[in-house]
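Here is a protein chain to look at.

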Amino acid sequence: MEETYKDRTSLVKGAKDIAKEVKRQAVKKVNKAVDKAQDGYTQRSYSRFQDEEDDDDYYVQGGNYGVEANDDEGSSEATEGHDEDDEIYEGEYQGIPNMGQGKDGMVALGQPMHDEYKDRHELETERKADEEELAQQYELIIQECGHGRFQWALFFVLGMALMADGVEVFVVGFVLPSAETDMCIPNSGSGWLGSIVYLGMMVGAFFWGGLADKVGRRQSLLICMSVNGFFAFLSSFVQGYGFFLFCRLFSGFGIGGAVPIVFSYFSEVLAREKRGEHLSWLCMFWMIGGIYASAMAWAIIPHYGWSFSMGSAYQFHSWRVFVIVCALPCVSSVVALTFMPESPRFLLEVGKHDEAWMILKQIHDTNMRARGQPEKVFTVNRIKTPKQIDELIEIESDTGTWYRRCFVRIRTELYGIWLTFMRCFNYPVKDNTIKLTAVWFTLSFGYYGLSVWFPDVIKHLQSDEYASRVKHFRNEEVSHFVFNFTLENQIHSNGEYINDRFIMMKFKSVTFEDSLFKNCVFEDITSLNTYFRNCTFINTTFYNTDLEQYKFVDSELINCTFFHIRTGCQISFDDDYSAYWIYFVNFLGTLAVLPGNIVSALLMDRIGRLTMLGGSMVLSGISCFFLWFGTSESMMIGMLCLYNGLTISAWNSLDVITVELYPTDRRATGFGFLNALCKAAAVLGNLIFGSLVGITKAIPILLASTVLVCGGLVGLRLPDTRTQVLM
């Protein structure tokens with residue numbers, strides 16, 4: 001009987017063991033299925049869950065993230081400590097929760113909740129935590145990579161792109177008087193050239209900055225610089241003023257992306273202790289671009305002999321050669337950029353871990369070989385990548401044609417850029433964006449407004465001096481005389497010219513008022529700022545002249561004949577008294593920036609960004625009052641050099657602060673928006689200050705001084721980023 005009882009007990013025990021083993025095997029299979037469906041949590045997420053479990057003194061069945069599960073183990077960790085006779089064990093798989101359970105339903109076996117069960121706020125919270133950890137880890141990685149050959153190579157490549165931006169700003173002012181002369185642009189239309197370029201740069205800065213946060217720094221910079229180079233080159237060949245404006249508009253649109261992308265790109269390969277100094281050194285290329293443009297304009301444009309023409313319809317003068325030469329930095333940067341990698345920080349931000357790791361290893365190996373330490377190994381194996389949040393994109397059903405697909409793609413990208421821009425006004429960067437907006441606007445308004453005002457004032461002083469030397473001739477009576485010499489800076493009133501011949505002459509700033517020309521001949525005449533007001537012409541012949549209809553103001557022509565009238569402006573720049581001065585003044589003003597650049601680079605990390613920004617803007621505002629005493633050309637040039645030297649430190653520190661205050665996923669977008677605002681303020685400053693030239697000095701001086709001082713005080717309220725890692 002005992003044996004029967006023992007056999008029965010053994011049989012029951014064996015059955016229970018078999019049942020338990022079946023359950024264990026079923027649990028293991030379900031665990032494997034759940035693990036395969038699980039999103040790729042990184043090591044930090046695993047550690048976080050393990051730490052939480054260790055603190056609560058329980059273990060998650062099948063949740064050994066650090067090591068593989070032991071298939072030979074007889075019992076699972078979740079059932080450890082329970083009575084073998086229990087039919088249902090706490091922590092065992094109890095079935096897949098149905099969809100009605102919603103987000104709060106527990107995922108099987110205590111696994112972390114699936115992303116589809118989480119709302120967007122939870123996902124963004126996890127992503128923010130991941131980004132904070134990535135910021136600290138990335139700083140350590142960049143320090144391990146060191147600062148060396150790779151950063152210096154990228155420094156010069158991006159410097160060429162920044163140099164192209166400086167050239168684009170200066171080329172407008174240098175080409176403007178030349179284009180006015182060559183295309184006979186009236187004064188009412190000449191201002192469009194400067195405004196249209198800034199308009200293109202404003203739109204381009206916002207668009208390319210946003211695109212750089214979507215597709216990458218390198219790719220966006222390549223495209224925008226290519227657009228700039230193509231249209232800048234094309235603009236040198238077009239003849240019509242309207243088409244020339246169109247080309248310069250798109251040239252400005254392309255170069256608008258250079259500044260936000262260049263600074264975002266370079267800051268992401270610099271360690272914290274190097275960032276302020278080397279971003280300031282990078283700013284010097286903008287100054288070099290201005291010096292390059294000034295020197296080329298001085299050397300090329302006045303040499304009007306460097307030209308050819310195909311009839312009177314197509315003329316290629318020296319200023320067009322200057323436009324081609326100014327496109328060379330842009331072309332050089334495009335070629336060099338093809339050999340540079342994408343920003344590894346951007347790649348990590350979008351979840352491309354392997355590509356980022358390879359680039360960081362390339363940076364490390366390049367710098368170590370340059371130091372003579374090729375044997376040093378890149379020790380980083382795994383880098384934190386933030387959780388990627390899928391964006392739902394609504395695609396229209398009617399996308400069968402290629403142009404519909406392109407339209408949907410463009411609309412989607414633009415909408416993504418807009419969403420990224422709106423995030424610049426979310427916590428915690430909202431306050432910083434508002435303060436930066438005020439600082440960028442005030443600095444740009446004051447700087448560009450006065451930068452345009454200075455040359456115009458100098459030119460106005462020259463014009464006043466030139467006008468003070470005008471000669472007046474009244475009640476002349478000249479008959480049977482041959483004029484074959486140059487008439488310059490003269491006013492002839494109430495004259496009578498009978499049977500006179502004007503042959504192979506140049507009229508420069510000559511005005512005839514209430515005069516009579518009878519039986520006269522005008523042959524081979526070239527004129528500049530020459531007008532006939534309320535004059536009468538009787539039986540007069542015009543042969544091979546540029547005296548077009550608009551030069552006869554309220555004049556009467558009786559039985560007059562015109563042969564071979566030349567269209568366009570034929571005056572050479574050797575006769576333009578102010579051309580050399582304009583280029584020389586801009587050259588000196590740009591060269592005066594050099595000391596400020598050096599000082600800001602050396603002191604950026606020592607005295608801090610905020611001290612330099614606020615101090616530079618306040619001092620610049622104070623220096624504006626010295627303009628009150630500028631009564632001569634030399635004094636105005638000296639004031640221009642002082643003003644430029646003081647403001648450059650503010651620009652450098654503002655560039656550094658801007659890239660450090662925005663996180664990586666909004667850095668180029670935020671910088672692009674602020675740079676676009678900068679161009680809008682520049683256009684506004686040009687219009688306001690330009691309209692006051694020759695009227696009053698008080699308003700421009702007080703206006704510029706006020707906005708600069710106020711902007712500097714706002715800048716002092718920004719957070720100090722000197723000791724922070726790149727967000």
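The questions and answers that follow concern this predicted model.

Q: What makes up the chain, in helices and strands?
A: The chain has 21 helices and 16 strands. It holds 727 residues, and 50% of them count as buried. Among contacts between residues at least 6 apart in sequence, 66% join residues at least 24 apart.

Q: Why are α9 and α17 called roughly antiparallel?
A: Helix α9 covers residues 272-300 and helix α17 covers residues 593-607; they pack at an angle of about 170 degrees. Angles over 145 degrees count as roughly antiparallel, and α9 and α17 are therefore described that way. Their axes are 7 Å apart.

Q: Which residues of α9 and α17 meet?
A: From α9 they include Glu 273, Trp 281, Met 284 and Met 287. From α17 they include Val 593, Leu 594, Ile 598 and Asp 605. Sorted by class, the contact between α9 and α17 has ten nonpolar, four polar and three charged residues.

Q: How do you know how many disulfides there are?
A: A disulfide needs two cysteine sulfur atoms within 2.5 Å, and by this rule the count is zero. Cys 520 is in no disulfide, and the nearest cysteine sulfur to it, that of Cys 560, is 9.6 Å away.

Q: What decides whether Cys 520 counts as buried or exposed?
A: The relative accessibility of Cys 520 is 1%. Buried means under 20%, so Cys 520 counts as buried.

Q: Which residues does Arg 667 touch, not counting residues up to four places away in sequence?
A: Among them are Asp 213, Arg 217, Glu 268, Tyr 662 and Met 727. Arg 667 and Pro 260 are 407 residues apart in sequence, yet 8.3 Å apart in space, C-alpha to C-alpha.

Q: What makes Val 377 count as buried or exposed?
A: The relative accessible area of Val 377 is 57%, and exposed means over 50%, so Val 377 is exposed. Val 377 is found in the loop between α13 and α14.

Q: What lies around Val 377?
A: Leaving aside neighbours within four places in sequence, Val 377 is in contact with Glu 144 and His 364. Val 377 and Asp 365 are twelve residues apart in sequence and 7.9 Å apart in space, C-alpha to C-alpha.

Q: Why is Glu 355 called partly exposed?
A: Glu 355 has a relative accessible area of 45%. Buried is under 20% and exposed is over 50%, so Glu 355, at 45%, is partly exposed. Glu 355 lies in helix α13, and its C-alpha atom is separated by 10.0 Å from that of Ser 343, twelve residues apart along the chain.

Q: How do you know that Val 553 is partly exposed?
A: Val 553 has a relative accessible area of 25%, between the limits of 20% and 50%, so it is partly exposed. Val 553 is found in strand β14, residues 552-553. Beyond residues up to four places away in sequence, Val 553 touches Tyr 531, Phe 532, Arg 533 and Asn 534. The C-alpha atoms of Val 553 and Glu 513 are separated by 9.6 Å, although these residues are 40 apart along the chain.

Q: What makes the phi of Asp 524 worth a remark?
A: Most residues other than glycine have a negative phi. Asp 524 is not a glycine, and its phi is positive, about 55 degrees. Asp 524 is found in strand β10, residues 521-528, and is partly exposed, with a relative accessible area of 25%.

Q: What is the phi of Asn 544, and where does Asn 544 lie?
A: Asn 544, which is not a glycine, has a positive phi of about 55 degrees. Asn 544 lies in strand β13, residues 541-545. With a relative accessible area of 22%, Asn 544 is partly exposed.

Definitions and conventions. Residues are numbered from 1 along each chain as its sequence is written. This is a predicted model: local features need pLDDT of at least 70, side-chain atom pairs count only at pLDDT 80 or more; totals for chains, interfaces and linings use all residues. Side-chain values use heavy atoms; hydrogens and water are left out. Buried means under 20% relative accessible area, exposed over 50%, partly exposed in between (1.4 Å probe, protein chains only). Axes are lines fitted to C-alpha atoms, for helices over the stretch in contact, and angles run from 0 to 180 degrees between N-to-C directions. Helices (H or I, at least four residues) and strands (E, at least two) are DSSP runs, numbered from the N terminus. Angles under 35 degrees count as roughly parallel, over 145 as roughly antiparallel, 65 to 115 as roughly perpendicular and the rest as oblique. Contact means heavy atoms within 4.5 Å. Ala, Val, Leu, Ile, Met, Phe, Trp, Tyr, Cys and Pro count as nonpolar, Asp, Glu, Lys and Arg as charged, and the others, Gly among them, as polar.
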